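Visitor: I have a model open and want to talk through its packing. Can we go through it together?

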Amino acid sequence: MAGFCVGVTGGVASGKSEATRRFEALGVFVADADLAARAAVAPGSDGLAEVAATFGAQVLDADGGLDRAAMRRLVFADEAARKRLEAIVHPRVRAMLQAQCAQAPGAYAIAAIPLLAEGGREAYPWLDRVLVVDVPTAVQQARVMQRDRIDAELAARMIAAQATREARLAVADDIVVNDGPLEALQAQVEALDRRYRAMAAAAG
């Protein structure tokens, strides 16, 4: 059981998924907030029942599952609705991530949390370290444009919708700068893996 947990976050197109894949390749268990968010409102879950009770049948599809497109339209048009949805989903996601990390095999575990800076580090008191995968905003924008085949204006809006680079760096204990080749990312991940294993051993 892993008694040491590292939260990994980063802005859109920073390469945080690539970084967590490389930790996984070194034998580290990764709990994924995006997967937990889907599980929190899966068919038959109490999370989905609460969403339906809050927003009505309009957010359910023909099979009784969550109609994600309808839900997105609703919350993007209504700030209060978005906050109500987050109040249902986020506590369940945090509880799932904490449980998965606590039960994980190995010296330490990783929780991949895209919106960690937005939620605030205080929402995750069980994290021992926070690792931010960082890139300059110009690199981020170029990557988003290439990845999603969108123009500069939309890419800039997507970046602006997230926490600022400064806000992410403010919650970091450790930083991986991912603006170079993948070999450079690999070297940083391997160095951090050695460091986290040593920290976990010392804490345990």
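Visitor: Which residues in the largest nonpolar core touch the most other members?
Guide: This is a predicted model, in which local features need pLDDT of at least 70, side-chain atom pairs count only at pLDDT 80 or more, and totals for chains, interfaces and linings use all residues. Residues are numbered from 1 along each chain as its sequence is written, and side-chain values use heavy atoms, leaving out hydrogens and water. Val51, Phe55, Met71, Leu97, Trp126 and Leu127 touch the most other members of that core, which has 35 residues. A nonpolar core is a set of buried (under 20% relative accessible area, 1.4 Å probe, protein chains only) Ala, Val, Leu, Ile, Met, Phe, Trp, Tyr and Cys residues joined through side-chain atoms within 4.5 Å.

Visitor: Which helix gives the largest share of this core?
Guide: α5 does, with seven residues.

Visitor: And what does Met71 touch?
Guide: Leaving aside residues up to four places away in sequence, Met71 touches Val51, Phe55, Val59, Leu66 and Leu85, with contact meaning heavy atoms within 4.5 Å. Another core, of 18 residues, lies apart from this one and includes Phe4, Val28, Val30 and Leu185.

Visitor: Switching to helices: at what angle do α1 and α10 pack?
Guide: Helix α1 (residues 16-25) packs against helix α10 (residues 182-203) at about 55°, with the axes 10 Å apart.

Visitor: Which residues of α1 are in the contact?
Guide: Glu18, Ala19, Arg22 and Phe23, which meet residues of α10 including Leu185, Val189 and Tyr196.

How values were computed:
Axes fitted to C-alpha atoms, helices over the stretch in contact; angles between N-to-C directions. Helix = DSSP H or I, 4+ residues; strand = E, 2+ residues; numbered from the N terminus. Buried < 20%, exposed > 50% of the residue type's maximum accessible area, 1.4 Å probe, protein only.
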